[in-house]
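Good morning, and thank you for making time for this item. I shall go through one structure, chain by chain, and finish with the place where the chains touch.

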Amino acid sequence: MTARILWTHVGALAALLAAHVLLPAYHHGNLARIMVLAIYATGYNIAFGYTGLLSLGHALFFGAGLYAAGLTAYYTGLPGWLALLAGPVAGGAVALALGSFALRTAGVAFMIVTLMFAQAFHLAILYLGRWTRGDEGLVIARASRQLFGLDLADGSVRFLVAWALFALTMVAALIIARSGLGRVMVAMRENEERSRMLGYDPYMTKLIALGLSGAMSGLAGGAYALLFGYVGASLASVQYSILPLLYVLLGGAGTVLGPLIGTVAMFYLIDLASNVTDAHQLVTGAALVLLILFAPRGILGSIRDRFARWIP
Amino acid sequence: MLTLDRVTSGYDAVIVLRDLSLSVSGGEVLCLMGRNGAGKTTILRTIMGLVRPRSGQIRLDGRRLDTQPAHGIARAGIGYVPQGRRLFGDLSVAQNLTIGLMARDRPQRTRETVLQLFPRLRERLNQPARTLSGGEQQMLAIGRALCMEPKVLLLDEPSEGLQPSMIALIRDTIDALRRTGVATILVEQRVDTALAVADRIGFVAGGRIAECHPASDLGPDSEAFHRHVGV
């Protein structure tokens with residue numbers, strides 16, 4: 001790995017830590033949430049940005065992690081690390097199970113199949129309200145939100161745990177992007193038939209990518225449940241399938257730091273717009289239209305294209 | 001040796017190849033010529049498994065290929081450079097070559113061999129493939145296929161749209177491959193190129209090899225070219 005790639009990513013992580021020290025307390029909770037959502041977007045980017053799998057059902061993987069961790073913490077009293085671990089395990093397992101047949105389709109059919117299963121999961125959460133409490137959701141008690149003796153309900157601890165999990169995910173994404181698997185994923189996205197002609201099995205490559213993507217999305221879901229102490233059906237709704245797509249498009253699909261940049265930009269765009277007008281979604285929509293018109297490869301994607309080809 | 005034995009294939013309701021048989025041995029260059037729509041590209045796509053044969057058998061060194069998926073056929077040792085090159089445009093030259101190496105777990109020295117064949121690629125290693133010139137893209141497409149160290153190389157009109165110096169380079173490359181024992185099936189429209197590089201020239205018409213002659217028996221004014229290529 002070249003030094004400038006290493007320092008760029010270390011710098012991004014250092015900037016997040018510095019923000020915790022320098023910015024007012026209002027932003028600490030925001031940034032913790034942003035980093036968890038950036039983990040989700042990073043996972044989505046593995047499937048969409050690198051492999052070209054346009055899924056409309058990632059809320060299923062996020063929700064699987066959310067509920068696996070949340071229900072474990074809420075009902076079983078098992079240690080926090082086990083509850084957290086349940087997130088990526090559930091997300092990855094569900095992604096592999098869904099992928100094993102959804103990947104027999106492609107394009108629009110793949111979008112519809114993934115959307116359909118995510119909606120079925122959302123409805124199942126509502127149907128199983130006796131355990132999940134449906135839309136109302138579950139609030140996880142502070143006593144169940146402990147991780148190796150750390151109180152996840154504490155603002156600073158929450159920020160630092162979110163930062164550590166984001167750092168872990170970002171490093172994993174960087175390793176994947178620069179590995180042989182990452183190159184094959186990009187080759188698959190660019191030209192599936194050509195990749196097949198070079199001896200690569202598209203089904204297996206995409207299944208691995210979706211599994212990794214699902215595990216990262218599940219980690220984000222698990223982290224969300226434990227860090228913010230809430231598990232509800234709205235977090236597994238279709239909106240949560242669209243959000244990571246927007247974060248990735250805004251930040252730059254197929255870049256390691258793009259999902260973080262997109263999540264920060266989108267989060268604060270909505271935050272600022274909602275302070276000015278009730279029609280904040282209109283402002284957000286206009287910003288996205290401008291972005292697609294003038295920087296269709298997203299913020300970091302455009303920077304990479306124009307100034308820094310080395311950015312992974 | 002690659003053999004096609006009474007292969008019939010096509011697209012949906014349209015039959016393109018009808019009971020087609022051909023074979024090519026290691027170190028041999030077989031050039032396929034014919035009018036547009038005769039089925040030359042379909043022969044290559046059928047060998048690669050991108051078009052499934054409806055009947056007949058395709059074998060490489062006795063091993064059946066027609067029952068395998070396309071990626072299995074590539075791994076068995078068939079390299080394919082399609083018309084239009086189809087590179088991974090966002091990947092660099094080096095990454096495109098690495099993808100070829102990884103496909104069959106070939107060592108880095110294979111890449112060196114390819115770079116010796118196409119020194120210009122060495123100067124462009126970190127450049128995105130989409131920014132290369134047409135000739136350089138063709139070099140990369142062939143180089144990437146060679147990184148797999150194929151037993152049989154399928155080339156679909158590699159000289160199309162290239163300047164004369166590039167065409168000469170591609171002819172030299174095919175000659176060099178012949179010496180290494182790689183069998184080549186070349187689809188070509190240019191009579192001079194076919195005569196310069198081929199050992200045999202097969203003329204495709206009506207979904208079959210209508211005629212096949214040693215290249216040394218043909219000249220630029222041979223009747224076979226008039227009948228099947230229209231020159």
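**Strands, fold and interface**

Let me begin in chain B, where strand S1, residues 2-11, and strand S4, residues 53-60, run antiparallel and are joined by six bridges. Before I continue, please bear in mind that this is a predicted model. Within that pairing, B:Ser9 has B:Pro53 of S4(B) standing opposite.

S4(B) also pairs in the antiparallel sense with strand S5 of chain B, residues 63-64, here over two bridges. On this side B:Arg59 has B:Arg64, in S5(B), as its bridge partner. How many residues lie between the strands in the hairpin of S4(B) and S5(B)? There are two, and in this hairpin B:Asp61 takes a positive phi, near 50°.

I turn now to chain A. Its secondary structure consists of 14 helices and four strands. Taken along the principal axes, the box filled by its C-alpha atoms is roughly 55 × 45 × 40 Å. Of the 312 residues in chain A, 50% are buried. If we consider the contacts in chain A with a separation of 6 or more, 76% of them are between residues 24 or more positions apart.

Is H10(A) mostly covered or mostly open? It is mostly covered, with 23 of its 27 residues buried. After H10(A) comes A:Gly229, with a positive phi near 70°.

Finally, the contact between the chains. On one side 15 residues of chain A take part, and they are in contact with 20 residues of chain B. Which elements of chain A give two or more residues to the side that touches chain B? They are helix H8 (180-190) and helix H9 (192-197). H8(A) gives the most, with six residues. By class, this side of chain A has six nonpolar, six charged and three polar residues.

That concludes my presentation; I thank you for your attention.

How values were computed
Residues are numbered from 1 along each chain as its sequence is written. Chains are lettered from A and ligands numbered from 1 in the order in which they are written. This is a predicted model: local features need pLDDT of at least 70, side-chain atom pairs count only at pLDDT 80 or more; totals for chains, interfaces and linings use all residues. Two residues are in contact if their C-beta atoms, placed from the backbone, lie within 7 Å. Ala, Val, Leu, Ile, Met, Phe, Trp, Tyr, Cys and Pro count as nonpolar, Asp, Glu, Lys and Arg as charged, and the others, Gly among them, as polar. Two strands pair if DSSP finds at least two bridges between them. A residue is buried if 20 or more other C-beta atoms lie within 10 Å of its own, exposed if 12 or fewer, and partly exposed in between; C-beta atoms are placed from the backbone.
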